[in-house]
Amino acid sequence: MYQHPPAGTHVLCVDEMGPVAAKTYPAPRWADAGARPKVTPDYGRRGKSWVLGALEPRTGQSLTLCSDKRDSASFVELLNAIVTTWSEGELILILDNLSTHKTIDVLLWALLQPRVRFLFQPTYAPWLNLIEPWWKTLRALALKGRCFADHEAVRLAIDQATDYWNEHRHPYTWRKAA
């Protein structure tokens, strides 16, 4: 279904990543044999954000939205951005069973969107949603080896990494054997 959706349909994997704090994200470093590289602890007390996103595995196109909270209002904002970004055809959104995805606000929003359908993955099966491994790619593009002064810098890095991904996108395939 991910790579070969029905004609005129977009299958999108939707989820949240975070919280992502404004801190130092160390990169792998060289160290003497048997010793660990020294990293100064930085607990990120300069603010945090949640990253909400959508990924279409067939084309590799992605969308991210940073929010201060992981709540239904932020999720509805993401859903509105999804409908705007993928303005043609029917949308099938693959979601996990987070309570935020099933609030009254979200369900009312879904009733007003005839071309959007929700497909909830089984509980305790996050590997079925292809956005999960894509978060690792986004973290590597946006955060790895960088230090952030505040959460606005983190948000800017996430936006730039998403733009970079979309400029160089390719179909996102399942890497592990079933």
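From the N terminus on, the protein chain runs β-β-β-β-α-β-α-β-α-β-α. That makes four helices and seven strands. Helices (H or I, at least four residues) and strands (E, at least two) are DSSP runs, numbered from the N terminus.

This is a predicted model: local features need pLDDT of at least 70, side-chain atom pairs count only at pLDDT 80 or more, and totals for chains, interfaces and linings use all residues. Residues are numbered from 1 along each chain as its sequence is written, and side-chain values use heavy atoms, with hydrogens and water left out.

**Whole chain**

Of the 178 residues, 43% count as buried. Buried means under 20% relative accessible area, exposed over 50%, partly exposed in between (1.4 Å probe, protein chains only). Among contacts with a separation of 6 or more, 73% join residues 24 or more positions apart. Contact means heavy atoms within 4.5 Å.

Five strands form an open sheet in the order 4-3-1-5-6, with mixed pairing. Two strands pair if DSSP finds at least two bridges between them. Strand 4 (62-67) and strand 6 (116-120) are the edge strands; each pairs on one side only. The twist averages 25° from one strand to the next. Strand 1 (residues 9-21) and strand 3 (residues 48-55) pair in the antiparallel sense over seven bridges. Cysteine 13 stands opposite leucine 55 in strand 3.

**Helices on the sheet**

Axes are lines fitted to C-alpha atoms, for helices over the stretch in contact; angles run from 0 to 180 degrees between N-to-C directions.

Helix 1 has 14 residues and reaches 20 Å from first C-alpha to last, close to the 20 Å expected at 1.5 Å a residue. The expected span is 1.5 Å times one less than the number of residues. Its buried residues are Ser72, Ser74, Phe75, Val76, Leu78, Leu79, Ile82 and Val83. Their cover includes helix 2 (104-111) as well as strand 1, strand 3, strand 4, strand 5 and strand 6.

**Glutamate 56**

Glutamate 56 lies in the loop between strand 3 and strand 4. It counts as buried because its relative accessibility is 2%. Its side chain makes a polar contact with the side chain of threonine 59 (3.0 Å). A polar contact is a pair of N or O atoms within 3.5 Å; within protein, one must be able to donate a hydrogen and the other to accept it, and residues adjacent in sequence count only if both atoms are side-chain atoms. Leaving aside neighbours within four places in sequence, glutamate 56 is in contact with His10, Val11, Leu12, Gln61 and Trp86.
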